[in-house]
Amino acid sequence: MNDEERPRGPRSPANAAASPPRAPFIARWDLDKTYLRTDFDTLRDLVRTAIERPDQKRTVPGAGSLLRELGRAGVETHILSGSPEQLRSRIEQKLRLDGARWASLTLKPNLQNILRLRFRALRGQLGYKLPALLQRRCELSDQRDPSGALIREVLLGDDAEADAFVYSLYADVCEGRVTPLELGEVMRLGHAYDDTILDAIRFASYVEKGPVVERILIHLDRQSSPSDFRIFGDRVVPFYNYLQAAFVLHEDGRIAAHAVLRVAQSLVVAHNFDSVALARSYVDLSRRGHVSGRGIASLAAAYGELAQRRAAGASDLGAMVAELTRLCSDLRPAVSRPHAEIDYRALAAGHNRRSKRGR
């Protein structure tokens, strides 16, 4: 596996002063429909994706900007994708064109699955992603930071497959809420193969247990209703655009206010977002209880510095900040609810419906 060096980015003195302390933090990022606009629903889709030049592959608006900002913040990014291993060189070229930095890139061994007649694995996500996530956790040089605290993670996926389910299961395995027996049962119900079940149980035994996953951010590529994800609890945050993901990460103290404005700027300049759409993105998150307004003051301060440089899109960013500042006192506090008890067995029995129809 070709691993890239960990993300490092230059920081200006002003940005360094505004940024939160760089505690060790990891982002695990899905690729298809979360970062790249790709389709593997038909053989034609697969062939078209395979022959596309890297510069023809389309990035989800704002995703490249946020990935670069995570690099600037010193976040170690691991990419886990259902794309076939044969696309590695093209995917790496595309990521480099976008200025991305990543610590690892894990792709699906579809050719190996075909040669072994493991046809369920071609579409199945549970038997592929869960063992891979647990293995990557085990491969950390140290699962704790210098203070002794467990290194935390944010997971980014989409609503096209079973990412919220798989990521939540991974989080609860890491926390010790799912026993090895239950893990095996859930994976069998999800039609995983026996060797991948054994791998997942083995890797899970090497994971130091505790609260590891801080957030699960789900890109609503298929415009699913956010209410569909309430069964997974407050840890899962469905989002419509990457500015919303940036707002959440900023209020969590993981990226600086300047980083949020750069993500917003990319949406204005490259994708024709206006100030109304930018502000509405924050208000939507607030109504759903995912942000509280505590980051707005730092966004206003960061905009004050940006406006002095007459940056592109500054007027829309200024209007967004002014609207959020006006609304700040009326915003609801972030919701805090007890940990959701998730029935993984029931979810596993139905999470891979497309595979069932194809058998």
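Is lysine 33 buried or exposed? In this predicted model, lysine 33 has a relative accessible area of 11%. Buried means under 20%, so lysine 33 counts as buried. The residue sits in the loop that links strand S1 to helix H2 (43–51). Its backbone is also worth a look: phi of lysine 33 is near 70°, a positive value in a residue other than glycine.

Glutamine 223 is found in the loop between strand S5 (213–219) and S6. Glutamine 223 is not a glycine either, and its phi is positive, at about 60°. Its relative accessible area is 55%. The cut-off for exposed is over 50%, so glutamine 223 is exposed.

Strand S2 (residues 76–84) runs parallel to S3, and four bridges join the two. Leucine 80 has threonine 106 of S3 as its bridge partner.

From its first C-alpha to its last, H7 reaches 18 Å, close to the 18 Å expected for its 13 residues at 1.5 Å a residue. H7 is mostly covered, with twelve of the 13 residues buried. The buried residues include Leu130, Leu133 and Leu134, but also Lys129, Arg136 and Arg137.

Helix H12 (residues 257–271) can be checked in the same manner. At 1.5 Å a residue, its 15 residues should span 21 Å, and the end C-alpha atoms are 21 Å apart, so the two values agree. H12 is mostly covered as well: eleven of its 15 residues are buried. Among them are Val260, Leu261, Val263 and Leu267, together with His258 and Gln265. Just after the helix comes asparagine 272, which has a positive phi of about 60°.

What happens inside? In soluble globular proteins, nonpolar side chains tend to be buried together. The largest nonpolar core here has 60 residues, and the members that touch the most others are Trp29, Leu66, Leu217, Tyr242, Phe247 and Met320. H12 gives the most to this core, with eight residues. Another core lies apart from it; this one has 41 residues, including Ala162, Val178, Val212 and Ala348.

Tyrosine 242 shows how parts of the chain that are separated in sequence come together. Neighbours within four places in sequence are left aside here. Tyrosine 242 is then in contact with Trp29, Thr34, Tyr35, Val60, Pro61, Gly62, Ala63, Leu66, Leu156, His219 and Val263. Trp29 and Leu66 in that list are also among the core members that touch the most others, and Val263 is one of the buried residues of H12.

Methods: Residues numbered from 1 in each chain as written. Predicted model: local features only at pLDDT ≥ 70, side-chain atom pairs only at ≥ 80, totals over all residues. Heavy atoms only, no water. Pairing = 2+ DSSP bridges. Expected span 1.5 Å × (residues − 1). Buried < 20%, exposed > 50% of the residue type's maximum accessible area, 1.4 Å probe, protein only. Core = buried A, V, L, I, M, F, W, Y, C linked by side-chain atoms within 4.5 Å. Contact = heavy atoms within 4.5 Å.
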